[in-house]
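The sequence and structure go in first.

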Amino acid sequence: MSTPQDSATHSQPCVIVHHLNDSRSQRILWLLEELEVPYELKKYNRAADRTAPKELLEISPLGKAPVISDGDITLAESGAIVAYLIERYGKDKDHPPVSGRIDDLYYSHYAEGSLMPLLVQKLIFTIIPQRAPYLISFLLKTVFGRIIKTMLDPQVRKHVNLIEGHLATAGTWFAGGENPTSADYMMGFPLEAMVHEMPDAAGPNMKAYVNNIQNRPAYKRALERGGTYAFAKL
C-alpha cells in the first residue's frame with residue numbers, strides 16, 4: 001500500500017505518476033491504490049485557462065496527463081496505462097471473470113473511444129461562447145446552444161440508455177465480477193464527469209455506480225494523495 005509521502009523510498013520498484021489536477025490521471029491513482037502498488041506522485045496544476053502546464057511537455061510530447069514511468073518505461077494514454085498496470089501488477093481479482101471478458105474489453109475502449117469525445121465536444125461548445133468577445137458571445141451562445149440541443153444531447157441520451165441498461169444487468173461492476181477491472185477504471189472518469197456536470201442527464205444506475213466508486217477506501221486514499229478533484233462528491 002502506498003504511503004502518504006509522495007516521494008517515499010520503497011524497497012520494490014516504484015511507479016511515478018505525473019498527475020494533473022481534475023484530469024484522467026485521477027483514475028490511475030485509484031487503480032494504483034486498489035493494486036496496492038507503491039507510487040511517487042509528481043503534481044501539475046492547470047493554468048488559469050484550464051489547460052495543462054508547459055512542464056508536462058518535458059514528460060510527454062503531447063503535454064497531457066496521465067503519464068507514468070516504471071523503470072525504463074514511460075507510458076501515456078489512460079487505456080494503455082491501465083492495461084499495463086493490471087498486466088504487470090494485478091492479481092486474479094483485478095481481472096474480469098470469464099463471463100465478463102467481452103464487456104471488460106468493450107467498455108475499456110468505449111470510455112475514451114465513444115463516450116469521452118462526445119462529452120468533450122459538448123464541453124467545448126459550451127465554453128466557446130463564454131470565452132468569446134462580448135459583441136459576438138450572444139450569437140455564438142445561440143448557435144452552439146442549438147447544436148448542443150439538436151445534435152449532441154440526443155447522442156448523450158443514447159449513451160445514457162446504453163450505460164444504464166448495462167449496469168442494470170451487470171451488477172456492481174462493468175464486467176459483472178466482485179471487484180473493479182479495467183472497464184471500471186476507464187469508465188469511472190466520464191461517469192463522474194456526467195454525474196457532476198450533467199446530473200439531470202445521468203441515470204440512477206450511473207449515479208449509484210459513481211457513489212459506489214467514491215466510497216471505496218482505495219478511491220478515498222487516491223483522492224487524499226491527488227488533491228483537489230472537481231468531480232469528487234466530498
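How many salt bridges does a search of the whole structure find? I found 7 salt bridges in that search, taking a salt bridge as a side-chain nitrogen of Lys or Arg within 4 Å of a carboxyl oxygen of Asp or Glu.

Before going further I noted the terms of the model. This is a predicted model, in which local features need pLDDT of at least 70 and side-chain atom pairs count only at pLDDT 80 or more, while totals for chains, interfaces and linings use all residues. Residues are numbered from 1 along each chain as its sequence is written, and side-chain values use heavy atoms, with hydrogens and water left out.

**Entry: salt bridges**

I looked up R221 and E33, whose side chains meet in a salt bridge at 2.9 Å, N to O. This pair links distant parts of the chain, since R221 lies in helix α7 (residues 217-226) and E33 in helix α1 (residues 25-35), 188 residues apart; helices here are DSSP runs of H or I with at least four residues, numbered from the N terminus. For exposure I used relative accessible area, with buried under 20%, exposed over 50% and partly exposed in between (1.4 Å probe, protein chains only). On that scale R221 is partly exposed at 22%, whereas E33 is buried at 2%.

I then turned to E34, whose side chain forms a salt bridge with that of R216 at 2.6 Å, N to O. This pair too links distant parts of the chain, with E34 in helix α1 and R216 in the loop between α6 (204-214) and α7, 182 residues apart. E34 counts as buried, at 11% relative accessibility.

My next pair was K93 and D94, with a salt bridge between their side chains at 3.1 Å, N to O. K93 is partly exposed, with a relative accessible area of 38%, and D94 is buried at 3%. I also noted that R24, R27 and E112 are joined into one network by salt bridges that share partners.

**Entry: helix packing**

How do helices α2 and α5 pack, and at what angle? Helix α2 (residues 78-89) and helix α5 (residues 182-197) pack at about 150°, with their axes 10 Å apart; the axes are lines fitted to C-alpha atoms over the stretch in contact, and angles run from 0 to 180 degrees between N-to-C directions. The two helices are therefore roughly antiparallel, a term for angles over 145 degrees. α2 passes α5 in a right-handed crossing, meaning that the near helix is turned clockwise from the far one by less than a right angle.

For the contact itself (heavy atoms within 4.5 Å), I listed S78, G79, V82 and I86 in α2 against S182, Y185 and M186 in α5. These residues divide into 4 nonpolar, 3 polar and no charged, where Ala, Val, Leu, Ile, Met, Phe, Trp, Tyr, Cys and Pro count as nonpolar, Asp, Glu, Lys and Arg as charged, and the others, Gly among them, as polar.

I looked up α1 against α5 as well: their axes come within 9 Å and cross at roughly 145°, and the crossing is right-handed. Here R27, W30, L31 and E34 in α1 meet D184, Y185, M186, F189 and P190 in α5, a set that divides into 6 nonpolar, no polar and 3 charged.

**Entry: S25**

Leaving aside neighbours within four places in sequence, I found S25 in contact with H18, H19, L20, A65 and P66.

Note on methods:
Parallel < 35°, antiparallel > 145°, perpendicular 65-115°, else oblique.
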